[in-house]
There are 2 protein chains.
Amino acid sequence: MTDLSHTFAVVMAGGVGSRFWPKSRKALPKQFLSLLDKRTLIQATCKRLQEMLPQDQIYVVSTQDQATRVVRQLRWLRSDRLIREPFGKNTAPCIGLAALHLVRRSPEAVMIVLPADHHISETDRFLQALNSAVALIRQQPKALAAIGIEPTYPATGYGYLQRGEAFAFDHRQAWRVRAFAEKPTPEVAVQFFSSGEFLWNSGIFVWRCRTILEYLEELMPDLYAGLMEIEAVLGRAGYRRVLNRVYRQIRSESIDYGVMEKASNVVVVEGDFGWSDVGSWDEVYKLAAKDGDGNVVVGEPVLKDVHNSYVESGRRLVALVGIQDLVVVDTKDALLICHRNQTQDVKWVVEKLKHSEKQKYL
Amino acid sequence: MTDLSHTFAVVMAGGVGSRFWPKSRKALPKQFLSLLDKRTLIQATCKRLQEMLPQDQIYVVSTQDQATRVVRQLRWLRSDRLIREPFGKNTAPCIGLAALHLVRRSPEAVMIVLPADHHISETDRFLQALNSAVALIRQQPKALAAIGIEPTYPATGYGYLQRGEAFAFDHRQAWRVRAFAEKPTPEVAVQFFSSGEFLWNSGIFVWRCRTILEYLEELMPDLYAGLMEIEAVLGRAGYRRVLNRVYRQIRSESIDYGVMEKASNVVVVEGDFGWSDVGSWDEVYKLAAKDGDGNVVVGEPVLKDVHNSYVESGRRLVALVGIQDLVVVDTKDALLICHRNQTQDVKWVVEKLKHSEKQKYL
């Protein structure tokens, strides 16, 4: 077994996803929803990590205004394991801030960083992949490790990373990463898929905290300067004030764009553990167990001749007749009816609401 | 002009239609809904009649428990023009009761009897047809006149009547009726349609009140006996008590089955006035004005790629994406999503609710 005594998980819970409207709202993003389970996505994420790490080695980063919800959903989480950002600035600042906290706890800290809102169906294989990546980072402390997923179809909704040279470590295999690629067009996705060289970028990374901070210093010097200001007051009076000031100044940037695409020493460990980023209602439909009519039914709607649909009703009575391939999500004050092939356009609805008089439904 | 001094309209408002659930409810049947107009169907029906008859020659028959709603929707209606049935027993008792009241007012009274919940797009032609039928009844006081509608397609949702011998009256034409036919199968409907002999039975009839009472005596003697008990106390103490007792005893029966199909002297005047019985949500869709996407939109739903659909939203936000040929009706406590080709199955939903724990939604 890999030694995990200085290994910490950092669950990034700052997402503001609009793809699950009307169930997700500005004040209730996807990670706090039960979509496939009685557990919410963040609860399921932490539950998996708890099988690998002691509770006090699990950190959560959330924005200030969602901290209450994190605390409510994760009763076991010690308040000093919840890192609060004043507001979301994408993953690079979030990871930098977490790295500061962890380095202070242990200079040799290894960070497993992962989004709070992904679905993983095979926990054992997931934990094996994390263990492998941690072991790899212990051997190569200057590397940044990504968890890559063998694609099962030419997805256009995921970023990719291209495998380069393979190498062995501890009787396992990993690859150097040649390139990162943003979400591709359908044509490019087919090329990626058929080449066999590309893996999905899961957004799950493992690295030594000092290493990622060195990369931030090199590749995102503005952010690094801000982080150093924060570090100077870490655990002291003035921390919140400096944090707020720095966060107002720094740019919003993803770790992928800010570091991973440019870093010289990136490796990838392959994982095959039923991963999905649960990016749309249609994805939820596909991942969920279906009844004999191919439906996923939440609540107690009245159905007649309904097939291959996702139907979620709340307190109101919902009746469907002669329906196929729809997503129907009914909440107290808002209702979505969307073709399964068009659930990416739920974002359009949310944008539309943002620029309307109906902002209370966001 | 036909002399209308002894002519009365009787609007039958006792329907308990379930086909417009969730907008129609047990306590709010179709005739009280605005489906195609700001006016409710019963308001529109009375408005048309008011162009032909003085207000005090218009009667409404409703059940006791819907009388309050009738009064609320028809503020001009004098209370002695509202005939209250203890409960609905279909059209034959309703018509018999109205006939008693009218004969008492005028022994030579002619009754135009019609459902409260039909749609008529061309009022002038409708009133011409009624005038013709009244003129015919003045010439043939022993006849029962039906208003028949030239079919525009092989409808299976309407009853038919078969024209026999044609005859002229007052430079107009009418036909003796050879037979009445219930709602046909699709095959039979095609035969009816292509034969040219059949007209839709609109459920609108004109007759002398004494004549229909004579037919009731001959063909529905039990009902007639009950009516005579009521007549004996009409306008006197005990009326309500006798009415209740008689209504508990008499059979529920339609005038079509009880009288029209068996009567010897039935004639038909043809009408062509954009008539529909508005029998389903799909019918409402077809009758209503559509926007550029072929949609009928009530309320302020958010739509993207929605075509050929009927969408009615209330106070909640309703968003539709990638939808075709649906009926979506959202009310405070219940929601219907139904394919336009299957709106006849809304009745199924209501039946299902009747036999469930969800009767509060009826």
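Start with both chains on screen: a rotation of 180° with 0.0 Å of shift along its axis superposes chain A on chain B, with an RMSD of 0.0 Å (least squares on the C-alpha atoms of residues with pLDDT of at least 70 in both copies). The two copies are thus related as by a two-fold rotation axis. This is a predicted model, in which local features need pLDDT of at least 70, side-chain atom pairs count only at pLDDT 80 or more, and totals for chains, interfaces and linings use all residues. Residues are numbered from 1 along each chain as its sequence is written, and chains are lettered from A in the order in which they are written.

Next, select the interface. Of the interface residues of chain A, 100% are also interface residues in chain B, so the copies meet through the same surface (contact: C-beta atoms, placed from the backbone, within 7 Å).

Now show the open sheet of six strands, β12(A)-β14(A)-β16(A)-β17(A)-β15(B)-β13(B), whose pairing is mixed. Strands are DSSP runs of E, at least two residues, and helices runs of H or I, at least four, numbered from the N terminus; paired strands have at least two DSSP bridges between them. At the edges stand β12 (296-298) of chain A and β13 (302-307) of chain B, each with a single partner strand, so one side of each is left without a neighbour in the sheet.

Zoom in on β17 (334-339) of chain A and β15 (317-324) of chain B, which run parallel and are joined by five bridges. Here Leu336(A) is opposite Ala319(B).

Finally, colour chain A by domain: domain 1 is 7-276 and domain 2 is 281-361, with bounds from an automatic or database domain assignment. Their centres, taken over C-alpha atoms, are 30 Å apart. Ten residues of domain 1 and 15 residues of domain 2 make the contact within chain A.

Methods:
Two residues are in contact if their C-beta atoms, placed from the backbone, lie within 7 Å.
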